[in-house]
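Please open the structure in your viewer and keep the selection tool at hand.

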Amino acid sequence: MALTQHDRTDIHDLINLHGHLVDAGELDRADELFAPDVTYDVTDLGFGSLRGIAAIREAARVLGAANPVGHHVTNIVITPLDDRPARVRSKGIGVNADGTVGSVVYDDVVTRQPGGWRISHRKVTARQAAPGGRDADPRGVLDRWRRAAVNQSVDGMRRVYAADAVHEFPFTRPGLPSRLEGRDEIVGWIAAGWRANALEYQRYRTLAVHDTADPRTIVVEQEVLGTSATTGEFVLPNVVVLTAIDGRIAHLRDYVDIPAAAAALGRDI
């Protein structure tokens, strides 16, 4: 069935409405955006595939302050389908509270529901590298790394590290590694820490981000806020030197505060 101009206008408004409702915190109106059995695929961002409106609301609630403060949708293209009403592709720009910016592509299938057009399937794909193989913005890579840490997403971590990445700990102590080589070793070590259920990160607080002579490398002063099953709430000061190539971490020097981490775990060093 061909789409009328009225259909196209309604679909266009539907895609735009997403940013307005999410930014206003009006998740109780999510049924104005999505079909009841919607699939919301955010695997590329490290959050897996969500099924149903309640799952989308809960994921946004858990993300809390890490949610972007501004969603801006552009470049909406609507294509009729033979087996389903329409496919919609658009671009999204997300602005975070710390000033970092990310870009995604939304691939949607929209269907006509009793209340009007609704999104029945959405796949969100991160734009991690510019065409032509140029390096992605390391600030965007930093943001994805933080999200994977907060959500304890193994898939998210695998997507953010290059296969031959190196993760170093210049300040370490006996029993802890000083250098991890390769994505498998890095992600395996991180996942083992999550399974131990030692510390749960809730959000990052950016103190400063410094550019370097290499545009692929940034120096980040930050704090990690979270909870420990042993000691309760904690704040971990941290400095990282992050180099991103083609949208992934190639090298990370992690100056973790060992005494603060030990205190959060309730251990002596």
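Two strands pair if DSSP finds at least two bridges between them; strands (E, at least two residues) and helices (H or I, at least four residues) are DSSP runs numbered from the N terminus. The model is predicted, with local features requiring pLDDT of at least 70, side-chain atom pairs counting only at pLDDT 80 or more, and totals for chains, interfaces and linings using all residues. Residues are numbered from 1 along each chain as its sequence is written, and side-chain values use heavy atoms, without hydrogens and water.

Select residues 217–228 and 232–245: these are β10 and β11, an antiparallel pair joined over twelve bridges. Within this pair, Ile218 has Leu242 of β11 as its bridge partner.

Next, display the whole open sheet, whose six strands run in the order β8-β7-β12-β11-β10-β9 with mixed pairing. Because β8 (179–181) and β9 (199–211) each have a single partner strand, one side of each is left without a neighbour in the sheet.

Now select helix α3, residues 138–150, which packs on the sheet and touches β7, β9, β10, β11 and β12 (contact means heavy atoms within 4.5 Å). Helix α5, residues 183–195, also packs on the sheet, touching β7, β8 and β12.

Finally, which residues are in contact with Tyr161, leaving aside its neighbours within four places in sequence? They are Trp145, His167, Arg183, Ile186, Val187, Ile190, Arg248 and Ile249.

Conventions:
Axes fitted to C-alpha atoms, helices over the stretch in contact; angles between N-to-C directions.
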